[in-house]
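Here is a short report for a first look at this protein. Look through the sequence and the structure, then read on.

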Amino acid sequence: MRTLILALGNELMKDDGIGLKAGRILSEKGYNVLEVGTDIFMLSAHYKGEERLIIIDAILSEKLEPGKIIHLRGEEVFEKLKGEIRSAHFMGAIDGLKLLMALDERLAKADIHFIGVVAKEVDLGMELSEEVENALPKVVELVEKLAETESRN
């Protein structure tokens, strides 16, 4: 099963850059990564029918500790991220993804995973908070496990 990793975020807004930083590490390791930043619609021009999508992004939550990693799959991505957990880009990213899925039946059939890291600071700056920086290797490891599991199926 082919996997496409979508790296979301804005590296000029501190912890919001976690998705891009993780995506670059994974790309250097040879994984299929698309840096979409804050423009989920880039996916439509670069999607080649991969059966699995793994989205990496910062999330906002008053209930979860900064640096906590969440993993959502399938419909849970759309349900949970509308409620108690929010992506820093969610009006654009998740609603945009739903629209793209409605327009491309291959994408609608894809196995979707969302890896989110609770942000501590989303403000001007390029450095990650200590909590989010510490989560970075764990995010990379989780995405690698997901991608490797699928490639063996």
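## The nonpolar cores

The largest nonpolar core has 26 residues. Leu6, Leu43, Leu53, Val77, Leu97, Leu107 and Phe114 have the most contacts inside it. Such a core is a set of buried Ala, Val, Leu, Ile, Met, Phe, Trp, Tyr and Cys residues joined through side-chain atoms within 4.5 Å. Buried means under 20% relative accessible area, exposed over 50%, and partly exposed in between (1.4 Å probe, protein chains only). Two or more residues each come from E1, E2, strand E3 (52-60), strand E4 (69-73), helix H3 (75-80), helix H4 (90-103) and strand E6 (111-118). H4 gives the most, with five residues. In soluble globular proteins, nonpolar side chains tend to be buried together.

## About the model

This is a predicted model, in which local features need pLDDT of at least 70 and side-chain atom pairs count only at pLDDT 80 or more, while totals for chains, interfaces and linings use all residues. Residues are numbered from 1 along each chain as its sequence is written, and side-chain values use heavy atoms, with hydrogens and water left out.

## Overall build

The protein has six helices and six strands. Both are DSSP runs, numbered from the N terminus: helices are H or I with at least four residues, strands are E with at least two. Along the sequence the pattern reads β-α-β-α-β-β-α-β-α-α-β-α.

The C-alpha trace spans about 40 × 30 × 25 Å along its principal axes. For 153 residues, a compact globule would have a radius of gyration near 15 Å, and the protein agrees with its 14 Å. That radius is taken over C-alpha atoms, and the globule rule is 2.2 Å times the number of residues to the power 0.38. Of the 153 residues, 50% count as buried.

## Paired strands

Strand E1 (residues 3-8) pairs with E2 through four bridges, and the two run parallel. Strands pair if DSSP finds at least two bridges between them. In this pairing, isoleucine 5 stands opposite valine 33 of E2. The chain gets from E1 to E2 through helix H1 (residues 18-28), in a right-handed β-α-β crossover. Right-handed means that, with the strands pointing away from the viewer, the path from the first strand over the helix to the second runs clockwise.

E1 also runs parallel to E3, joined by five bridges. Here leucine 6 stands opposite isoleucine 55. Eight bridges join E3 to E6, again parallel. Isoleucine 54 stands opposite histidine 113 in E6.

How enclosed are E2 and E3? Four of the five residues of E2 (residues 33-37) are buried, so E2 is largely enclosed by the rest of the structure. Eight of the nine residues of E3 are buried, so E3 too is largely enclosed.

## Helix H1 and leucine 20

Ile18, Gly19, Leu20, Ala22, Gly23 and Leu26 are the buried residues of H1. Glycine 30 follows the helix, with a positive phi near 100°.

Leucine 20 lies in H1. Its relative accessible area is 5%, so leucine 20 is buried. Beyond its neighbours within four places in sequence, leucine 20 is in contact (heavy atoms within 4.5 Å) with Ala7, Leu8, Gly9, Asn10, Glu11, Glu35 and Gly37. Leucine 20 and aspartate 57 are 37 residues apart in sequence, but 7.8 Å apart in space, C-alpha to C-alpha.
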